[in-house]
Amino acid sequence: MASRHLVAARAYPRREAGPRSVTRIDRHSLILVIGLLALVAFAGVLYLSQASVAAQLRYRLYESEWQARDIWGRNFALRQEIADLERLSAVEERAARLGMIDAPAGPYIACTMPGTQFARSGQPAATQVQAGAEAAPTAGLWTLVAERLGWSRGAGALASAMVQRP
Amino acid sequence: MSAEFQKTKPGRLAFVAILFSVMAVLLLVRLFYWQVLRHSSIGETSVADELDMASIGWRGTVYDRNLHYLAVPSLVYDVGATPAMITDSLGVSGLLAPLLNVPEEGIAAKLAKKDRSYVVLAQGVATLNGQAIKDLKLLGIKLDARPGRYYPEGPMAAQLLGFYNSEQRGLYGVEQQYDSRLRGSNGTQRANVPQVLFDLPFTQEPRNGADVVLTIDRVVQRSAERCLEQALREYEAEGGCIIVMDPRTGAVLAMAILPGFDPNSYAQVESPAAYLNRAISEQFEPGSTFKIVTMAAALDAGAVRPTDTYMDTGQAVVGGRVFQNWDRRAYGLMTMTDILARSLNVGAVHVSQELGATRFYEAVRRFGFGQTTDIDLPGEIAGTVREPGSPNWWPADLATNSFGQGLAVTPIQMVTAVAAVANGGVLMRPYVVDRILEDGQVVWQARPQPVRRAISAGAAAELTQMLIDALPKETPLGVVPLYTAAGKTGTAQIWIGDKYDDQLVIASFAGYVPAQDPRLVILVKLDKPKREAWGSRAAAPVWRSVASEVCAYMGIPPDLAQVTGQ
């Protein structure tokens, strides 16, 4: 019996107790490693997801900045266009198209309202006359002229008027 | 290895594999989104300029007195290209050439250099053209924006305005004088690091420059420039200037100087001398217009009265020198008004001798000659007045100076002095900036600044009357229809180093209108007119044209009423 036992023991040597406990530790470590890997992977996904969102926001911001710059540029272009349209030569061109002419080119009528002095602000009527020129009419004289021309001096009506041809 | 471990291994590996696969797919999806779906928008932004507009303190606007634009802030673009990215070089060249004002062949040649990573196509392209190029969305074309300046009226009042150069500095004129007010300050940020995920807050907010409102009226300026341009053409003059001023305040309404330049393309001048404001930085011998000063000094000192007479023998001898009238004639018994009406040099010499050197030069000083007017523009010079006590002054100089030769003044000095007579004898400081605005609010307002009394009000009134009487006799071409005008012509010889030029002169006219209630003082100066050498014939008609147009435009009531119509 003993010999059979020895033979069997030689044929199937018993494993030592040590390796058995090591196997158990490895499994735990593996679970731990896998768990950690999963955690890292999850964190990685989270990070990448956040980074992706942040990048998207950044691009949106960048795009908005670009749009703002574009709007600034268009704003300046519009201001320049406004300045161009308000340019004196442009205004003159438009006025010419409307049939307007330069003021000095034609006769004009100078008028004063009743009760006001003729053609003078805060000063008595002109006293100096060019050589050969007719005496400057005062308000009274002008009233006389107006009356002779048949213009009434009713309320709101023109007290005087004249046609000048420079 | 235990049976239990061997049994679970494939499931765990599959889990890990799936996990990483999902991660990879997520990343690929995002990659596809940005690189494929959003490719075009990212491509566009990469072409766009990198200027951070929000952090820039923009330069202020310059307005005329009626708030019309004279200089506005703008964007200018530097345009470049990456030739390797452009496949259709000829097509791109054709599109860009009219917008860049560059020959198509030149652009095509630059785009053909495929080995170059970047080529500059044009610099300082105007805002509208830059926008048009951006709208083309051409791949491989890059625009870099930078702050610029646009002068909508072009060459109008160029020397007065100055210009804004590529180094973002105001040079000459108002742009230089008020550079510190016009210039804004850019915003600064907390740290100088690349912005990765967010914009850093400003530690100093950007501040735009102030707006400047000038006393200049662009319509008056245009009228003066048009009349001057016509005169230069008609009389074949080399140059000239016209200054229009309000004598009551010293506000300059127009300062026309020709030849000029276009501040939008300021680099395209033959010489930097074109930038100079010759109304304040160039001196000339005024000639007979200076007789206004001589007569004013004598009337103020009581040395002469308007009705005083003298015997004009055609010549006067002072300090060993003989002085003659412009036509070398003797006029006999003449009044003081006749001296102005006939522009008699001998008469002016007579007046200066009656007055004496001390009182004459004191008056010259009081009128502001030989010193700057302190106009708010850069580069003003003081002119040249030699006085008794100077090593190079001789007694004959008093006589010479009395009719405006042998001394040099600037146009702004001359017009300011005449304005003093028009203003009842009070000399005003000339100025061109009326107010400064920040965010639309007035932060500084110019106040008319009397400098001193040059002559008494009585003397000013007497002189005005003399000038009114003298003008039609001296030159009917200077008479303004419907208005009384006071003025004096001048025809000054030009000193050419060792003698006066025999042919070339400076023709001028200085006067004010309406004479009894002056609203405008106008100086016309024509340099070296070849077809007409006399101020009474060349400058006076120009003066009348400007005065007529400006009086009509400003609605100044006529003070000479003539019923001429039906």
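This note goes through helix packing, nonpolar cores, individual residues and backbone geometry in a predicted model.

1. Conventions. Residues are numbered from 1 along each chain as its sequence is written, and chains are lettered from A and ligands numbered from 1 in the order in which they are written. The model is predicted, and local features need pLDDT of at least 70, side-chain atom pairs count only at pLDDT 80 or more, and totals for chains, interfaces and linings use all residues.

2. Helices 11 and 17 of chain B. Helix 11 (residues 291–301) of chain B packs against helix 17 (residues 457–474) of chain B at an angle of about 135°, with axes 9 Å apart. The pair is therefore oblique. Helices (H or I, at least four residues) and strands (E, at least two) are DSSP runs, numbered from the N terminus. Axes are lines fitted to C-alpha atoms, for helices over the stretch in contact, and angles run from 0 to 180 degrees between N-to-C directions. Angles under 35 degrees count as roughly parallel, over 145 as roughly antiparallel, 65 to 115 as roughly perpendicular and the rest as oblique.

3. Contact of that pair. Helix 11 of chain B contributes B:Met295, B:Ala296, B:Leu299 and B:Asp300, and helix 17 of chain B contributes B:Ala459, B:Glu462, B:Leu463 and B:Met466. Contact here requires C-beta atoms, placed from the backbone, within 7 Å. These residues divide into 6 nonpolar, no polar and 2 charged (Ala, Val, Leu, Ile, Met, Phe, Trp, Tyr, Cys and Pro count as nonpolar, Asp, Glu, Lys and Arg as charged, and the others, Gly among them, as polar).

4. Helices 3 and 5 of chain B. Helix 3 (residues 89–100) of chain B and helix 5 (residues 127–136) of chain B have axes 9 Å apart and pack at about 165°, which means that they are roughly antiparallel. The contact is made by B:Leu95, B:Leu96 and B:Leu99 of helix 3 of chain B and by B:Asn129, B:Ala132, B:Ile133 and B:Leu136 of helix 5 of chain B. By class, the contact residues are 6 nonpolar, 1 polar and no charged.

5. Nonpolar cores. The largest nonpolar core has 142 residues, of which B:Ile242, B:Ile243, B:Val244, B:Ala296, B:Val418 and B:Val546 touch the most other members. A second, separate core of 21 residues includes A:Ala77, B:Ala122, B:Leu128 and B:Leu143. Such a core is a set of buried Ala, Val, Leu, Ile, Met, Phe, Trp, Tyr and Cys residues joined through C-beta atoms within 7 Å. A residue is buried if 20 or more other C-beta atoms lie within 10 Å of its own, exposed if 12 or fewer, and partly exposed in between, with C-beta atoms placed from the backbone.

6. B:Gly124. B:Gly124 lies in strand 3 (residues 119–125) of chain B. With 15 other C-beta atoms within 10 Å, B:Gly124 is partly exposed. Not counting residues up to four places away in sequence, B:Gly124 touches B:Val76, B:Gly148 and B:Ser166.

7. Backbone points to check. The peptide bond from B:Leu258 to B:Pro259 is cis, with omega near 0°, and the one from B:Val513 to B:Pro514 is cis, with omega near -20°. B:Lys137, not a glycine, has a positive phi of about 50° and is exposed, with 11 C-beta neighbours inside 10 Å. B:Lys528, also not a glycine, has a positive phi of about 55° and is partly exposed, with 18 other C-beta atoms within 10 Å. Most residues other than glycine have a negative phi, and most peptide bonds are trans.

Conventions
Two residues are in contact if their C-beta atoms, placed from the backbone, lie within 7 Å.
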